[in-house]
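Here are my notes, as promised. Have the structure open while you read, and go through the points in order.

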Amino acid sequence: MVDLRQRGTALSDKAFAEQHVVVTGGGTGIGRAAALAFAEQGAASVTITGRRSEPLDEVAALHPAVIPVVADVASEAGVDAIAAAVQARGGKLDVLVHNAGVFGLTPLDELDPADVRHQFEVNVFGPILLTAKLLPLLRSPGGNIVVVSSISARLTTPAQSVYAASKAAVDSLIRSWAVELGPKGIRVNGVAPGNVRTPILTSGGISDQDVAAWRSGYAGKAPTGRIGEVADVTPWITRLAEPTSSWISGEIIVVDGGMLAT
Ligand SMILES: NC(=O)c1ccc[n+]([C@@H]2O[C@H](COP(=O)([O-])OP(=O)(O)OC[C@H]3O[C@@H](n4cnc5c(N)ncnc54)[C@H](OP(=O)(O)O)[C@@H]3O)[C@@H](O)[C@H]2O)c1
């Protein structure tokens, strides 16, 4: 029998040789793991962005291809700084990963408009702004955009409507951009994770006790019996950007331990 996993690994070896990659939110969680995966698979440069310098510098210390850029993706100044960093390396971009994201509870009876605005600014406005800014630099034909969405886009969870709506908007962007950028030879795809062990819930103000309860509830319901780890998600981000996926565009791969099937 053919071992597809082994064959995939062999095909993926140094798949990104001489390529230039940008991963937003690359200092922690899924973005950190994705950035290191691109670097380990031969990328010439992996520019990682975030608002805090410490996590970015820590990741950059792990691989010489990783370049940290402190930049808020929800601001025009931040997007300009990312474009300037790409220009400084010759102005070439092969893969753009929109991974930066924020989560927060938004119960309608205690709504904080600033939180609503913030989630949409980071999760939706940021990728739109950055895609438009970097498009002239993105290899055409042959460039790739991968957006990290969420299964929340397809779920109905009390107090999470704003986060879910922001990710539903992301799903819509993925499909529309795939059609809009297809004629330029640029593919656009997404990955929609379920509950993955990263700092995002704690950063979003969820107590440690609630995070633990959500994780055990998820593990108890998901067919695979556990929450996800970043290593469950990142191979799909890199895989979608590989030439071996050249006939996939406008797709959103669900990586959720089977939760959506329940
Ligand atoms: N973990 C999950 O269960 C899960 C499930 C589904 C989808 N996702 C999605 O996966 C993506 C990555 O999240 P994660 O789980 O890996 O959590 P994470 O570790 O908290 O990563 C989020 C990253 O985004 C960065 N970020 C936030 N706001 C930013 C801004 N305005 N400008 C630039 N960077 C910003 C953060 O860095 P700074 O704070 O330094 O800016 C951080 O590195 C997000 O899009 C999230 O919605 C996560």
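Is E18 buried or exposed? Point 1 takes that up.

1. E18, to start with. This is a predicted model, so keep that in mind throughout. E18 is exposed, because its relative accessible area is 70%. You'll find E18 in the loop between α1 (4–12) and β1. Look at its backbone too: phi of E18 is near 65 degrees, which is positive although the residue is not a glycine. For background, most residues other than glycine have a negative phi.

2. The sheet. Seven strands make an open sheet with parallel pairing, and the order across it is β3-β2-β1-β4-β5-β6-β7. The edges are β3 (66–70) and β7 (252–255); each has a single partner strand, so one side of each has no neighbour in the sheet. On average, neighbouring strands are turned by 15 degrees against each other, direction ignored.

3. Helices on the sheet. Helix α6 (residues 161–181) packs on the sheet and touches β4, β5 (144–148), β6 (187–193) and β7. The direction of α6 makes about 160 degrees with that of β6. Helix α9 (residues 230–241) also lies across β4, β5, β6 and β7, running at about 170 degrees to β6.

4. Strand β4 and its partners. On one side, β1 (residues 20–24) runs parallel to β4 (residues 95–98), and three bridges join the two. Two pairs to click on: V22 has L96 as its bridge partner in β4, and V23 has V97. β4 also pairs with β5, again in the parallel sense, over four bridges. There, the partner of V95 in β5 is N144.

5. The faces of β4. In a regular strand the side chains alternate between the two faces of the sheet. Here both faces of β4 are covered: V95 and V97 are buried on one side, and L96 and H98 are buried on the other.

6. H20. This histidine lies in strand β1. H20 counts as buried because its relative accessibility is 13%, and the cut-off is under 20%. Its side chain makes a polar contact of 2.7 Å with the side chain of S45. Beyond its neighbours within four places in sequence, H20 is in contact with A44, S45, R89, K92, L93, D94 and V95.

7. L93. One of those contacts of H20 is L93, which sits in the loop between α4 (76–88) and β4. What is the relative accessibility of L93? It is 1%, so L93 counts as buried. Not counting residues up to four places away in sequence, L93 touches H20, V21, V22, V86, L134, L137, L138 and R139. Take L137 from that list: L93 and L137 are 44 residues apart in sequence, yet their C-alpha atoms are 5.6 Å apart in space.

8. T106 and A159. T106 is in the loop between β4 and α5 (113–134), and T106 is buried, with a relative accessible area of 3%. Apart from neighbours within four places in sequence, the contacts of T106 are L111, D115, V116, Q119, A159, Q160, S161 and V162. A159, from that list, belongs to the loop between β5 and α6. At 26% relative accessibility, A159 counts as partly exposed.

9. A cis peptide bond. Which two residues does a cis peptide bond join? They are S140 and P141, with omega about 5 degrees. P141 lies in the loop between α5 and β5. Most peptide bonds are trans.

10. The ligand. There are 27 residues around the ligand, and T28, R51, D72, Y163 and T198 come nearest. A polar side-chain atom of T28 is 2.7 Å from a ligand oxygen atom. I30 uses its backbone: an N or O atom there lies 2.8 Å from an oxygen atom of the ligand. For R52, the side chain has an N or O atom 2.8 Å from a ligand oxygen atom. How much of the ligand's accessible area does the protein cover? On its own the ligand has 870 Å², and the protein covers 95% of that.

Methods: Residues are numbered from 1 along each chain as its sequence is written. This is a predicted model: local features need pLDDT of at least 70, side-chain atom pairs count only at pLDDT 80 or more; totals for chains, interfaces and linings use all residues. Side-chain values use heavy atoms; hydrogens and water are left out. Two strands pair if DSSP finds at least two bridges between them. Axes are lines fitted to C-alpha atoms, for helices over the stretch in contact, and angles run from 0 to 180 degrees between N-to-C directions. Contact means heavy atoms within 4.5 Å. Buried means under 20% relative accessible area, exposed over 50%, partly exposed in between (1.4 Å probe, protein chains only). A polar contact is a pair of N or O atoms within 3.5 Å; within protein, one must be able to donate a hydrogen and the other to accept it, and residues adjacent in sequence count only if both atoms are side-chain atoms. A residue is near a molecule or strand if one of its heavy atoms lies within 4 Å of it. Accessible areas come from the Shrake-Rupley method with a 1.4 Å probe; for residues, only the protein chains shown count as cover.
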